[in-house]
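Colleague: I would like a close look at a single part of this model, please. Take me through it slowly, and then show me what lies elsewhere in the chain.

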Amino acid sequence: MYKGHRVAVVIPALNEENAIGVVTTALNALRFENQQVIDAIVVCDNGSTDNTASVARAAGAITVRQDIPGYGIACLTAIDNLPQCDIVLFVDGDDSCFAEQAIPMLEGIVNGDDLAIGSRNLGKIEKGALTQTQMFGNWLSSHLITFFWGQKITDLGPFRAIRYSALQTINMQDKTFGWTVEMQVKAIIHGMQVSEYAVDSKVRIGESKISGTLKGSVKAGIGILSMIGKLYFTQGQLRRAASRI
């Protein structure tokens, strides 16, 4: 719990047996004024063929399984299994983030943010932590969002916190690579308070299933750009829906 707010973590994971225990343990070790910050961690095993789930459980996480591949559907499955909470923290299961840097984002939510994005471009990026393709994709997508919706965005980073009520309001749908874009743009369309916080990046444990292959990078790029286009052409409908809430 952080300043009276219950915090639950969502971790989508695919074959992360070497990293998931490190990530889960680091999150469970977070303390604020001698109180454990994280109330629950839900790891969605997205079809792993290794011991990801058993390692996560041993480290104190709740595990669920989703065999349909996709970053978004793994997050949606974990969300469906969250205990009661006030803030949802999203973290990748590859140990590419620093758990303690969740605190400024949680503080942002407590102070009024609806969505707090961990921006790697505002922090330090360890050499090799992001590929050139990832950096270009982030740059392009961030500039498109800034251009179309008028809000300065510097990253689509997966390390982020959102108020649970805001997460319900934006009604996330994407099941693949457009997940992070959908969350950021829908929050803007709904007039929510969206802020960025500097986070550092380190080289992940193991090979990325997305940026580690050309096929994965192309699919991710298409998914992200397609989502930006879809949101642009449906934003009128989304704004009308938001006005009725």
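Modeller: Happy to. Let's take the second largest pocket, where α8 supplies the largest share of the lining, eight residues. The model is predicted, so local features need pLDDT of at least 70 and side-chain atom pairs pLDDT 80 or more, while totals for chains, interfaces and linings use all residues. Numbering runs from 1 along each chain as its sequence is written, and side-chain values use heavy atoms, with hydrogens and water left out.

The volume of this pocket is about 260 Å³ (the space filled by probe spheres set on grid points, joined across faces, edges and corners). N171, Q173, E182, K186 and L238 are the closest to its centre among the 16 residues that line it. Besides α8 (214-243), the elements giving two or more residues to the lining are α6 (164-170) and α7. By class, seven lining residues are nonpolar, six polar and three charged. A pocket here is an open set of points on a 1 Å grid where a 1.4 Å probe fits, with protein on both sides within 12 Å along at least five of seven lines; lining residues have an atom within 4 Å of a point.

Now to α7, which spans residues 179-189 and has eleven of its eleven residues buried (under 20% relative accessible area, 1.4 Å probe, protein chains only). After the helix comes G191, with a positive phi near 70 degrees. Helices are DSSP runs of H or I, at least four residues, and strands are E runs of at least two, numbered from the N terminus.

Elsewhere, S119 belongs to strand β7, residues 115-119. S119 counts as buried because its relative accessibility is 0%. Its side chain reaches the backbone nitrogen of N121 at 3.4 Å. Neighbours within four places in sequence aside, S119 is in contact (heavy atoms within 4.5 Å) with T154, D155, E196, Y197, A198 and V199.

I62, in strand β5 (residues 62-65), has a relative accessible area of 39%, so I62 is partly exposed. I62 and A40 are 22 residues apart in sequence, yet 7.5 Å apart in space, C-alpha to C-alpha. With neighbours within four places set aside, the contacts of I62 are I41, V42 and V43.

Technical notes
Buried < 20%, exposed > 50% of the residue type's maximum accessible area, 1.4 Å probe, protein only. Nonpolar A, V, L, I, M, F, W, Y, C, P; charged D, E, K, R; others polar. Polar contact = N/O pair within 3.5 Å; in protein donor to acceptor, adjacent residues only side chain to side chain.
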